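Dear colleague,

Please find below the structure that I am handing over to you, together with its sequence. My account of what was found follows directly after it.

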Amino acid sequence: VRERAPGSHRALPYWSKAARVDGCEVHAVTLELRHTHLDELEAAVLAASTPGHARFRQFWTADEVRALTTDAADAATVEAWLAGLGLEAHATRSGGFVTVKAPVHAIERMFECTMFLWAKTLAGDGSVYRCDGDYSLPAAVYASVHAVYGVAELPVLLGGAKRHV
């Protein structure tokens, strides 16, 4: 059983779909693991920022935050899925993120989608590899993942055109 996730490029008119990506091209995708224990994190932030509290100004390190908010079972689920696809050697984990750098044909198999080159139609050159439409994840993996980057979303164009004064 797989869960479908919606693509986001339909609402960005300054990107146009070009050619299908060669399956041998290498592409990176990052999976952000589900966030856990956010209520405990919020309590710690409030305690550290409340004058008079016993833990006032006792701030946490980034590693302590990641340890609290990243569930080891979620990481294991994602890593087992990648191993089942033969992609464990292409994956690196940093805190609550798992990045996979693999050939496009493997990315398409992971997410049951078809990758295309998307070209920026204004504000200069630029292109990215993204799927055409929605993608999916196995239900168990979907429950462990907060977001996927590099599969469907197109970069948002920030700011306007340059003006010469």
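**Findings**

Strands β4 and β5 make a hairpin in which two residues lie between them, and G95 in the turn has a positive phi of about 60°. Please note that this is a predicted model. One of the residues bridged here is S94, whose partner in β5 is F97.

**The three-stranded sheet**

An open sheet is built from three strands in the order β2-β6-β7, with antiparallel pairing. The edges are taken by β2 (15–20) and β7 (127–131); each has a single partner strand, so one side of each has no neighbour in the sheet. From one strand to the next, the twist averages 40°.

L117, for example, has Y129 as its bridge partner in β7. A contact of another kind involves K17 and F116: the charged end of K17 sits over the ring of F116, 4.5 Å from the ring centre.

**The nonpolar cores**

Which residues touch the most other members of the largest nonpolar core? Of its 28 residues, they are W81, L82, M110, F111, Y135, V148 and V151. Two or more residues of this core come from each of β3 (26–33), α3 (72–84), β5 (97–103), α4 (104–111), β8 (135–138) and β9 (145–149). Helix α4 gives the most, with five residues. There is also a second, separate core of seven residues, which includes L12, W15, W118 and V128.

Helix α4 itself is mostly covered, as six of its eight residues are buried. These are V104, A106, I107, E108, M110 and F111.

**The aromatic cluster**

How many aromatic pairs does the structure hold? It holds two. In one of them, the ring centres of W81 and F111 lie 6.0 Å apart and the planes stand at 75°, so the pair is edge-to-face. This pair links distant parts of the chain, with W81 in helix α3 and F111 in helix α4, 30 residues apart. W81 counts as buried at 11% relative accessibility, and F111 counts as buried at 0%.

The other pair is formed by F111 and Y135, whose ring centres are 5.7 Å apart and whose planes are at 90°, so this pair is edge-to-face. It too links distant parts of the chain: F111 belongs to helix α4 and Y135 to strand β8, 24 residues apart. Both F111 and Y135 are buried. Through these ring pairs, W81, F111 and Y135 are linked into a cluster.

P138 is a residue of strand β8. With a relative accessible area of 17%, P138 is buried, because buried means under 20%. The C-alpha atoms of P138 and E3 are separated by 6.1 Å, although the two residues are 135 residues apart along the chain. Not counting residues up to four places away in sequence, P138 touches V1, R2 and W81.

**Two residues with positive phi**

R57 has a positive phi of about 65°, although it is not a glycine. R57 lies in the loop between α1 (38–48) and α2 (62–69). Is R57 buried or exposed? R57 is exposed, with a relative accessible area of 60%.

E112 follows helix α4 and has a positive phi, near 45°. E112, a residue other than glycine, lies in the loop between α4 and β6. Its relative accessible area is 45%, so E112 counts as partly exposed.

With kind regards

Technical notes:
Residues numbered from 1 in each chain as written. Predicted model: local features only at pLDDT ≥ 70, side-chain atom pairs only at ≥ 80, totals over all residues. Heavy atoms only, no water. Core = buried A, V, L, I, M, F, W, Y, C linked by side-chain atoms within 4.5 Å. Buried < 20%, exposed > 50% of the residue type's maximum accessible area, 1.4 Å probe, protein only. Helix = DSSP H or I, 4+ residues; strand = E, 2+ residues; numbered from the N terminus. Pairing = 2+ DSSP bridges. Axes fitted to C-alpha atoms, helices over the stretch in contact; angles between N-to-C directions. Phe/Tyr/Trp six-rings, centres within 6.5 Å; stacked < 30°, edge-to-face > 60°. Lys NZ or Arg CZ within 6 Å of the ring centre and 35° of its normal. Contact = heavy atoms within 4.5 Å.
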